[in-house]
Amino acid sequence: MSGVDAHALCGAHHLRELKAIEEIEKEPWACAMSVLLNSANQLKCAAQGRGETELPTSVHHGILTKYMAILTEGLAFHERQDPLARRTGARGRKARRPGHNLLVRLRDYRDDVLRFLTDFTVPFTNNQAERDLRMMKLRMKISGTFRTLEGAQVFADIRSVISTVRKHGGNILETLTLSPQQIIARL
């Protein structure tokens, strides 16, 4: 399965949420999960740097074991907490703390969270897409604005093509000389 076909969740977003839960909510498991995700990403990057296309099974299994242990610890922490107060007449499921919601998401979408480890074509973060959007906003700020909506759309389309070609390791200049139909066929 290639990174294009696989669904993955952004590691940078998880790290930001974990930092907030660690600093604001003071939940002990959040720091351990941050350390694990950062370490796992470093192991993957080191393996890629050596030309490897996957982590050794024992390394991957060790990461997964620690991941599940941290989830178990975090969920147990939340089971010990007093329930959140409910408004009178409130309907639906009981409200959960932000940390509990994150733990459930990390558990239920474990494969998507860790996709970057099983498919080396999948990046740990989707920050490149976010940087591309910031670049467009910066361009608008510097020039004041695009002269037309069409000009803004063309700029965004070109930036998107460049970003996608770069992610796939293609030749950007060669791709930009192709017709839109040829570009779509290649990507």
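Which residues form a nonpolar patch on the surface? I found V154, I158 and L176, with about 220 Å² of accessible area together. L176 counts as partly exposed, because its relative accessibility is 37%. A reminder to myself: this is a predicted model.

**Overall layout**

I counted 10 helices and 0 strands in the protein. Read from the N terminus, the elements run α-α-α-α-α-α-α-α-α-α. Of the 187 residues, 30% count as buried. The accessible surface comes to about 12,500 Å², and 56% of that belongs to carbon and sulfur atoms. I also checked contacts between residues at least 6 apart in sequence, and 63% of these join residues at least 24 apart.

Helix α1 covers residues 11-25, which makes 15 residues. From first C-alpha to last it reaches 20 Å, close to the 21 Å expected at 1.5 Å a residue. Its buried residues are G11, A12, H14, L15, L18 and I21. After α1 comes K26, which has a positive phi, near 60°.

Next I asked myself which residues S34 is in contact with, leaving aside its neighbours within four places in sequence. They are L15 and L18, both of which are on the list of buried residues of α1. S34 itself lies in helix α2, residues 28-49. With a relative accessible area of 12%, S34 is buried.

Helix α3 runs over residues 57-79. Its 23 residues should span 33 Å at 1.5 Å a residue, and its end C-alpha atoms are 33 Å apart, so the two agree. I noted I63, Y67, I70, L71, G74, L75, F77 and H78 as the buried residues of α3. What covers them includes α2, α4 (98-108), α5 (110-113) and α6 (115-118).

One of the α2 residues is P28. Not counting residues up to four places away in sequence, P28 touches E73 and F77. P28 and F77 are 49 residues apart along the chain, yet their C-alpha atoms are separated by 8.6 Å.

**Aromatic rings**

How many aromatic pairs does a search of the whole structure find? It finds 1. The rings are those of F116 and F124, with centres 4.8 Å apart and planes at 70°, so I wrote the pair down as edge-to-face. The cut-off I needed here is that planes over 60 degrees apart count as edge-to-face. Both F116 and F124 are buried.

**Salt bridges**

My count came to 6 salt bridges, and I followed up some of them.

- R50 and E52 meet through their side chains at 2.9 Å, N to O. R50 is exposed, with a relative accessible area of 55%, whereas E52 is partly exposed at 29%.
- R107 and D108 form a salt bridge with their closest N and O atoms 2.8 Å apart. R107 counts as partly exposed at 38% relative accessibility, and D108 is partly exposed at 48%.
- R110 and D111 form a salt bridge with 3.5 Å between the closest N and O atoms. R110 counts as partly exposed, at 27% relative accessibility.

Key. Residues are numbered from 1 along each chain as its sequence is written. This is a predicted model: local features need pLDDT of at least 70, side-chain atom pairs count only at pLDDT 80 or more; totals for chains, interfaces and linings use all residues. Side-chain values use heavy atoms; hydrogens and water are left out. Rings of Phe, Tyr and Trp (its six-membered ring) pair if their centres lie within 6.5 Å; planes under 30 degrees apart count as stacked, over 60 as edge-to-face and the rest as tilted. Buried means under 20% relative accessible area, exposed over 50%, partly exposed in between (1.4 Å probe, protein chains only). Patches are made of residues with over 30% relative accessible area and no salt bridge: like charges are joined within 9 Å, nonpolar side chains (Val, Leu, Ile, Met, Phe, Trp, Tyr) within 5 Å. Accessible areas come from the Shrake-Rupley method with a 1.4 Å probe; for residues, only the protein chains shown count as cover. A salt bridge is a side-chain nitrogen of Lys or Arg within 4 Å of a carboxyl oxygen of Asp or Glu. Helices (H or I, at least four residues) and strands (E, at least two) are DSSP runs, numbered from the N terminus. The expected span of a helix is 1.5 Å times one less than its number of residues. Contact means heavy atoms within 4.5 Å.
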